[in-house]
Amino acid sequence: MASSSSSAAAHRRPKVAVIMGATGCGKSRLSIDLASHFPFEVINADKMQVYWGLDITTNKIPPAERHGVPHHLLSSFDPNDGEMTPSQFSFHGDAAISGVASRGKLPLLVGGSNSFIHALLADRFDPEAEASPELRYDCCILWVHVSPPVLKKGLPKRVNGMLRMGAFDELAGYYHLRQTDPGARAGLRKAIGVLEFDRYFEKYPPLRGDAWGQEDARERQNDPVREGAYQEALREIMKNADHLIKGQVEKIRQLSKSGWVLHRLDATQAVRLAMAPKEEGGGDDRSREVWEREVVGRSVEIVNQFLRE
Ligand code: ATP
């Protein structure tokens with residue numbers, strides 16, 4: 001009997017925890033919160049964050065916010081090699097999962113791109129067909145849900161914050177590079193912000209130095225037409241990000257309908273409170289309280305249960 005039970009253990013599928021959700025819902029934050037409760041190592045499943053470059057534009061979690069939690073498949077690939085396919089991601093994801101497990105840690109897949117997650121987890125991956133509920137790993141899938149209109153409302157603050165952090169300089173630098181080498185860093189071409197700002201840069205090319213953002217802001221101050229073109233680029237970014245969010249939520253719903261077991265955590269209230277003024281009961285403290293209770297607390301219970309099974 002001992003040998004049959006040990007062979008059953010050998011054939012048991014490795015355990016993988018997963019955090020899914022639309023862009024801006026707090027997946028990265030939850031991953032770090034959970035890593036303080038469990039021995040997780042994060043495996044990135046965002047198709048733009050797998051490459052090095054455009055760190056701010058693609059919204060990678062900054063190293064200081066990772067609190068020492070190892071991250072895999074994040075900034076790991078050369079964008080000059082072109083776009084990674086879901087099947088290629090699946091290959092790298094398998095290797096990353098084995099690596100984490102071999103160190104006695106638990107893999108936490110976080111993203112992002114539903115096609116990547118689907119390719120890696122589905123037993124038989126067919127990009128054209130509906131997802132089959134059979135998975136190659138023993139998965140606990142957490143879905144951080146935020147109502148799309150609430151995410152949309154937060155977009156102006158988010159996009160302006162990214163620009164303040166240096167997204168404009170990243171995008172200007174990338175545009176500059178492609179003037180001499182049109183195929184440069186092709187893997188990043190579809191990141192939201194690139195196409196939208198290309199239109200602006202065609203009219204107002206970033207010409208000198210590396211502090212393009214400061215220079216550009218000075219120029220815009222005295223030129224309402226230029227400022228109008230800049231604002232148009234921001235509107236396009238927000239429109240496309242809103243579109244991405246709706247598509248991501250729709251795809252997650254489809255996975256759920258096709259039989260994937262998803263644990264839905266509603267972070268809508270936490271995100272709403274973070275945006276609301278203090279006088280109306282909002283603010284960061286109130287938001288954190290709700291986040292801890294509704295999202296982190298519930299996730300910890302769900303993962304504990306999963307690890308006991
Ligand atoms: P699709 O099959 O539509 O590409 P997907 O699930 O594979 O869907 P998503 O993560 O939804 O991939 O990304 C779709 C598109 O959204 C990307 O090709 C890119 O244009 C944009 N995008 C996704 N993630 C980011 C990001 N982190 N930063 C900027 N743009 C992004």
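**A charged residue and its setting**

Tutor: E41 is buried, with a relative accessible area of 2%. The cut-off for buried is under 20%, so E41 qualifies. Keep in mind that this is a predicted model.

Now its partner. E41 forms a salt bridge with K105. Their closest N and O atoms are 3.7 Å apart. The limit for a salt bridge is 4 Å, so the pair counts. E41 sits in strand β2, while K105 sits in the loop between α3 (86–102) and β4, so the bridge ties together parts 64 residues apart in sequence. K105 is partly exposed, at 33% relative accessible area.

Strand β2 covers residues 40–44 and pairs with β3 in the parallel sense, over two bridges. Within that pairing, I43 stands opposite H72 in β3. Step back to the whole sheet. It is open and has six strands, in the order β3-β2-β4-β1-β5-β6, with parallel pairing. Its edge strands are β3 (71–72) and β6 (262–266), each pairing on one side only.

Helices lie across this sheet. Helix α2 (residues 27–35) lies across β1, β2, β3, β4, β5 and β6, and runs at about 145° to β1. Helix α4 (residues 114–121) lies across β1, β4 and β5, at about 165° to β1.

Back to charge pairs. A search of the whole structure finds 21 salt bridges. One of them joins D94 and R136, with the closest N and O atoms 2.8 Å apart. This pair also links distant parts of the chain: D94 is in helix α3, R136 is in the loop between α4 and β5, and they are 42 residues apart. R136 counts as partly exposed, at 27% relative accessibility.

Other salt bridges are local. E236 and K239 form one, with the closest N and O atoms 3.3 Å apart. Both lie in helix α8 (residues 224–257), three residues apart, about one turn of the helix. E236 counts as buried, at 17% relative accessibility. There is also a network of salt bridges linking D216, R220, R226 and E227.

Terms used: Residues numbered from 1 in each chain as written. Predicted model: local features only at pLDDT ≥ 70, side-chain atom pairs only at ≥ 80, totals over all residues. Heavy atoms only, no water. Pairing = 2+ DSSP bridges. Helix = DSSP H or I, 4+ residues; strand = E, 2+ residues; numbered from the N terminus. Contact = heavy atoms within 4.5 Å. Axes fitted to C-alpha atoms, helices over the stretch in contact; angles between N-to-C directions. Salt bridge = Lys/Arg side-chain N within 4 Å of Asp/Glu carboxyl O. Buried < 20%, exposed > 50% of the residue type's maximum accessible area, 1.4 Å probe, protein only.
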